[in-house]
Amino acid sequence: MGLRPLLPSPRTSAVDSTVAGGMAAGVYPGEMPFEGLLITEIFESLQGETSLSGLPFTFVRLTGCNLRCTYCDTAYAFHGGLKMSVEDVIGKVEAFGHRRVLLTGGEPLLQRATPRLARELASRGFDVSIETHGEHPIDEVAGVARIVMDVKTPTSGMSRGGYRANLPLLRETDEVKFVIASEGDYAWARDVVRSGEIPTREILFSPALPARDTPGEYPGVRLDWLARRIVEDRLPVRFQYQLHKLIWGADVRGV
Ligand code: SF4
């Protein structure tokens, strides 16, 4: 977790993602032959994104994703994971003692039990957020959790418009994020915003910096370039830089 440098286990790493019995390569969690959840990690940290950036959260990272974005920084959540019941996950979340919970991944909505987890947490008074790429139906969690929809921009290699079917289900208090990993991404996202199809009050533009380890995989953008473009174009969007990476570093897991 984000607090790993300050608070050693057990409070910072509730799940060992290397535990045997997790998801095999090529098997999506929705196809799992059990009713529970497959969890990569549960940890506490500061929320690094959205309008709630800077607030303490418990993070539940579910295993598995059907996309392979060029700039993915959580590929460790594609495979492995620990089988847990919904009740076990709730117990871990309650033990951390934070009011806010983010269900993330991977893609959390691939798992059949995720809507039940969201409902159970909400019924216990937690303020639940779900981060999703938006290609999976959100109908079972709309209105239960704050949806943060990460609309895939062209440079991700995964931009295929699947999010549009979910737009009518978004509430004004949900949030839509665009990762801007190239100048082309900016122009594309700007046009989507100007089209008026995004119904939420919060629209987030999140820069992906040029890749250090895999130069050329995606171009990335400079922070000042993106900031200037947003201001010059008078876009009604929030510039956000991932706070957890600023605090803990770009390659630290569980933050
Ligand atoms: S949707 Fe998210 S977890 Fe899945 S590949 Fe893309 S960035 Fe990674």
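## Exercises on a predicted model

Leu103 stands opposite Ile130 in strand 5.

**Exercise 1. In what sense do strand 4 and strand 5 pair, and over how many bridges?**

Step 1. Start from the pair Leu103 and Ile130, which face each other, Ile130 being in strand 5.
Step 2. Strand 4 and strand 5 are joined by four bridges, and their pairing is parallel.

**Exercise 2. Describe the pairing of strand 1 with strand 2 and with strand 3.**

Step 1. Strand 1 and strand 2 run antiparallel and are joined by seven bridges. Opposite Glu44 is Thr58, a residue of strand 2.
Step 2. Strand 3, residues 82–84, also pairs with strand 1 in the antiparallel sense, over three bridges. Here Leu37 has Met84 of strand 3 as its bridge partner.
Step 3. As for burial, nine of the 10 residues of strand 1 are buried, so the strand is mostly covered.

**Exercise 3. What is the order of the strands in the open sheet, and which are the edge strands?**

Step 1. The open sheet has nine strands in the order 3-1-2-4-5-6-7-8-9, and its pairing is mixed.
Step 2. The edge strands are strand 3 and strand 9 (238–239), each of which pairs on one side only.
Step 3. For the chain as a whole, the count is five helices and nine strands. Along the sequence they follow the pattern β-β-β-α-β-α-β-β-β-α-β-α-β-α.

**Exercise 4. Which residues of helix 2 are buried, and why are they on the same side of the helix?**

Step 1. Helix 2 spans residues 114–123, and its buried residues are Thr114, Pro115, Leu117, Ala118 and Leu121.
Step 2. Around the axis these residues cover an arc of only 160°, which places them on the same side of helix 2.
Step 3. The buried residues pack against strand 1 (37–46), strand 2 (56–62), helix 1 (86–96), strand 4 (100–104) and strand 5 (127–132).
Step 4. After helix 2 comes Gly125, with a positive phi near 95°.

**Exercise 5. Is Ile198 buried or exposed, and which residues does it touch?**

Step 1. Locate Ile198: the residue is in the loop between helix 3 (183–195) and strand 8 (202–207).
Step 2. Ile198 has 23 C-beta neighbours inside 10 Å. A residue is buried if 20 or more lie within that distance, and therefore Ile198 counts as buried.
Step 3. Leaving out residues up to four places away in sequence, Ile198 touches Val176, Val192, Val193 and Ile203.
Step 4. Arg164 lies 34 residues from Ile198 in sequence, with 9.2 Å between their C-alpha atoms.

**Exercise 6. Across which strands does helix 4 lie?**

Step 1. Helix 4 comprises residues 223–232 and lies across strand 7 (175–180), strand 8 and strand 9.
Step 2. Relative to strand 8, helix 4 runs at about 150°.

**Exercise 7. Which residues are around the ligand, and how many of the shell are charged?**

Step 1. The residues are Cys65, Leu67, Arg68, Cys69, Cys72, Thr74, Gly105, Gly106, Glu107 and His133.
Step 2. Sorted by class, the shell has four nonpolar, four polar and two charged residues.

**Exercise 8. What share of the protein chain is buried, and what share of its contacts join residues at least 24 apart?**

Step 1. Of the 255 residues in the protein chain, 43% are buried.
Step 2. Take the contacts between residues at least 6 apart in sequence: 73% of them join residues at least 24 apart.

Key
Residues numbered from 1 in each chain as written. Predicted model: local features only at pLDDT ≥ 70, side-chain atom pairs only at ≥ 80, totals over all residues. Buried ≥ 20, exposed ≤ 12 C-beta atoms within 10 Å, placed from the backbone. Helix = DSSP H or I, 4+ residues; strand = E, 2+ residues; numbered from the N terminus. Arc of directions from axis to C-beta. Contact = placed C-beta atoms within 7 Å. Near = placed C-beta within 6 Å. Nonpolar A, V, L, I, M, F, W, Y, C, P; charged D, E, K, R; others polar. Pairing = 2+ DSSP bridges. Axes fitted to C-alpha atoms, helices over the stretch in contact; angles between N-to-C directions.
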